[in-house]
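Hi everyone, thanks for making time this morning. I'd like to walk you through one model, so please have a look at it with me.

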Amino acid sequence: APAGVEVFAKCEYFNPLSSVKDRLAVAVIDHAEKTGALKPGMTVVEATSGNTGIAVAMVCAQRGYPCVITMAETFSVERRKVMRALGAKVVLTPDAARGSG
């Protein structure tokens with residue numbers, strides 16, 4: 001940076017799972033709790049292709065909500081494993097249904 005200019009950066013890799021989606025998941029769950037849409041014992045369901053689902057699974061694990069993630073069967077096996085490791089149930093939908101299965 002030129003002299004006299006301050007540069008600030010948000011380093012997303014400092015988030016718990018190193019993703020910008022971590023903040024999104026916390027904000028969504030916070031909002032649902034504050035508005036009463038999400039109460040203890042309720043299940044969170046998320047349709048995802050990966051990173052948002054991982055973040056939602058993390059927040060649900062931390063707050064004690066059961067979590068069900070739906071994703072097309074063609075998406076990454078590694079992402080499925082991470083979500084399951086965080087306690088989420090992963091339900092695969094048929095690729096032929098194009099996300100509506």
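A word on the ground rules before that. This is a predicted model, so to speak of local features we ask for pLDDT of at least 70, and side-chain atom pairs count only at pLDDT 80 or more, while totals for chains, interfaces and linings use all residues. Residues are numbered from 1 along each chain as its sequence is written, and side-chain values use heavy atoms, with hydrogens and water left out.

Let's begin with the helices. Helices here are DSSP runs of H or I with at least four residues, strands are E runs of at least two, and both are numbered from the N terminus. How do α1 and α2 pack? Helix α1 covers residues 21-35 and helix α2 residues 51-63; their axes are 8 Å apart, at an angle of about 50°. Axes are lines fitted to C-alpha atoms, for helices over the stretch in contact, and angles run from 0 to 180 degrees between N-to-C directions. Under 35 degrees counts as roughly parallel, over 145 as roughly antiparallel, 65 to 115 as roughly perpendicular, and the rest as oblique. That is why α1 and α2 are oblique to each other.

On the α1 side, the contact (heavy atoms within 4.5 Å) includes Leu24, Ala25, Val26 and Ile29, and among the residues on the α2 side are Ala55, Val56, Met58 and Val59. By class, the residues of this contact are eight nonpolar, two polar and five charged. For the classes, Ala, Val, Leu, Ile, Met, Phe, Trp, Tyr, Cys and Pro are nonpolar, Asp, Glu, Lys and Arg are charged, and the others, Gly among them, are polar.

Now for α2 with helix α3, residues 77-85: the axes come within 9 Å and cross at roughly 10°. These two helices are therefore roughly parallel to each other. From α2, Asn51, Gly53, Ile54 and Ala57 meet Arg79, Val82 and Met83 of α3. Sorted by class, that contact has four nonpolar, two polar and one charged residues.

Next, the aromatics. How many aromatic pairs does a search of the whole structure find? It finds one. Tyr13 and Phe14 form a tilted pair, 4.6 Å centre to centre with 45° between the planes. Rings of Phe, Tyr and Trp (its six-membered ring) pair if their centres lie within 6.5 Å, and planes under 30 degrees apart are stacked, over 60 edge-to-face, the rest tilted. Both Tyr13 and Phe14 are exposed; buried means under 20% relative accessible area, exposed over 50%, and partly exposed in between, with a 1.4 Å probe and protein chains only.

Finally, some single residues. Thr52 lies in helix α2 and counts as buried because its relative accessibility is 16%. Leaving out residues up to four places away in sequence, Thr52 touches Lys21, Leu24 and Glu46.

Pro16 sits in the segment before α1 and, at 62% relative accessibility, counts as exposed.
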